[in-house]
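Please consider the following note alongside the sequence and the model. The points begin with terms and then turn to the chain and one of its sheets.

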Amino acid sequence: SQVEEDRTSHRSSTSKLSRSPGGGRSVRSYKTMQCKVTLLDGSDYTCVVEKRERGHVLFHKVCEQLNLLEKDYFGITFRDIENQKNWLDPSKEMKKQIRGVAWNFSFNVKFYPPDPAQLSEDITRYYLCLQLRDDVVSGRLPCSFATHTVLGSYTVQSELGDYDLEESGTDYVSEFRFAPNQTKELEEKVMDLHKNYKGMMPAEAEMHFLENVKKLSMYGVDLHHAKDSEGVEIMLGVCSSGLLIYRDRLRINRFAWPKVLKISYKRNNFYIKIRPGEFEQFESTIGFKLPNHRAAKRLWKVCVEHHTFFRLVSPETPPKKFLNLGSKFRYSGRTQAQTRRASSQIVRPAPCFERSTSKRYIMSRSLDGGLTKQDTVGTPEELLKHATNISELKRSFLETGADTAGLTEWEKRLSSSPLRSLRLDEAPMIEPLELDEVPVSSLSNQAVFQTLGPSFEALNGEDVLCLLFQGDADTDPEAGVLMSAQTITSETTSTTTTTHITKTVKGGISETRIEKRIVISGDADINHDEALAQAIKEAKEQHPDMSVTKVVVHKETEITPEEGEE
């Protein structure tokens, strides 16, 4: 009968429940998960969260553990079933994001601040330093040989303090990891610079580290694999200023956020709609193919977050339409403008924290406990004076060997460094400009200013300042010989300076020529008179024994490629 069937069913379910381990308690045990988060210093933080909790719960637990208030620059990542890195969405339930993989996470910098000096607390800058040290050592942030030495020297000062030959010995930096392919020569240069930092506090060394690393062209760039409209393998980079396109590790195009009208994706295709240029009438859409739909959506989300964080005053609210096509995803955190306002209102005393040791090859000794206490940074005047002294030291290193025949190993590394090769897409601007010269006015120290082409307009364009220096001639017994040649490239977020130094002997006269090419790129208006005056001033300060013989100013407008338009 129906009653007997119901009783049988009840006995069956009761027996199954009694056989389950823990009885009813097993149901609750599956509602929580143990999370392991790898922190920036390599240590692990473990906590328990409920599966239904949203991502911000775990994020706030980690920030509380780290005593971090300026947390909007950071985020939590995890690896999906395809081993692809994903950012944990703070507004979405964790169980809907972590599927089929262990609940293992990493705490990382998500938005790299363009100017780390504007961060309010030293502890925030310290965690940013830890991330950037890992970026450099892993090769994600390419550096020239000279930059590796400077960054390494500040790392040593931050962790070990002042140089002490008796206590440290002659190979005390050999256990540190500064670069993907570290050499003895690099370590020696690091020690040479470290000797000059006596009295510098750890927080001050970290500030100098950040001031140098923020100038690198790949600073804060999040790379994604893609193909262009012709099927050529490229990399799409997302950063604070916009979208960058790389091919064979060379940057071939850049789309600043003000130039981008719309970002979208469909299946595995990623599209950007570009604002029409100065001489264009219609918008253009450029498409790229990503490995799959998930990769396209992941790139789209990173673009939405970066644009919102760096460009908007406050985040957009998600659409609330009943029938809404497309993703409802919007960046839900604070923007950079909001987090800066919040940081300015921090009133707590500077937190004391322990600086952990960075990645090493061997751990042969412990650090002095006194080095881990919180220190304050010097006054702006002291920082500026110190930066000037370090610039002089770096310049002396760069110019070592210029008066000898051939190039030293140091110069060879500088001329073939990854930092230089990243900007080879601007090679046409580095080639000599063979245009008619029209001298306009004479400047001090024999400088001649000339204009080439039309009047200046700095809308999505690049300005090139070319300075040529003439050194004093001296007698030399040999004739018609190229004694040495050297090329040095340095970069900031908006300028690239390429210096060519050659020394030749003609008719018994030795002549040193230094040619500087300064490329200024940006979306905002540029004060060309001020830029020119500043360039000449800096050049004369760097080479006081030489005179400026020619200054060339040239304007090039960025052209939007038509491949991939739809």
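1. Two strands pair if DSSP finds at least two bridges between them. Helices (H or I, at least four residues) and strands (E, at least two) are DSSP runs, numbered from the N terminus.

2. This is a predicted model, in which local features need pLDDT of at least 70, side-chain atom pairs count only at pLDDT 80 or more, and totals for chains, interfaces and linings use all residues. Residues are numbered from 1 along each chain as its sequence is written, and side-chain values use heavy atoms, with hydrogens and water left out.

3. The protein chain contains 15 helices and 20 strands. Of its 566 residues, 45% count as buried, where buried means under 20% relative accessible area (1.4 Å probe, protein chains only).

4. Five strands form an open sheet with mixed pairing, in the order β2-β1-β5-β3-β4. Because β2 (44–50) and β4 (85–87) stand at the edges, each with a single partner strand, one side of each is left without a neighbour in the sheet.

5. Strand β3 (residues 74–79) runs antiparallel to β4 and is joined to it by three bridges. The bridge partner of T77 in β4 is W87.

6. Helix α3 (residues 55–66) lies across β1 (32–38), β2, β3 and β5 (104–109), and it runs at about 145° to β2. For such angles, axes are lines fitted to C-alpha atoms, for helices over the stretch in contact (heavy atoms within 4.5 Å), and the angles run from 0 to 180 degrees between N-to-C directions.

Conventions. Buried means under 20% relative accessible area, exposed over 50%, partly exposed in between (1.4 Å probe, protein chains only).
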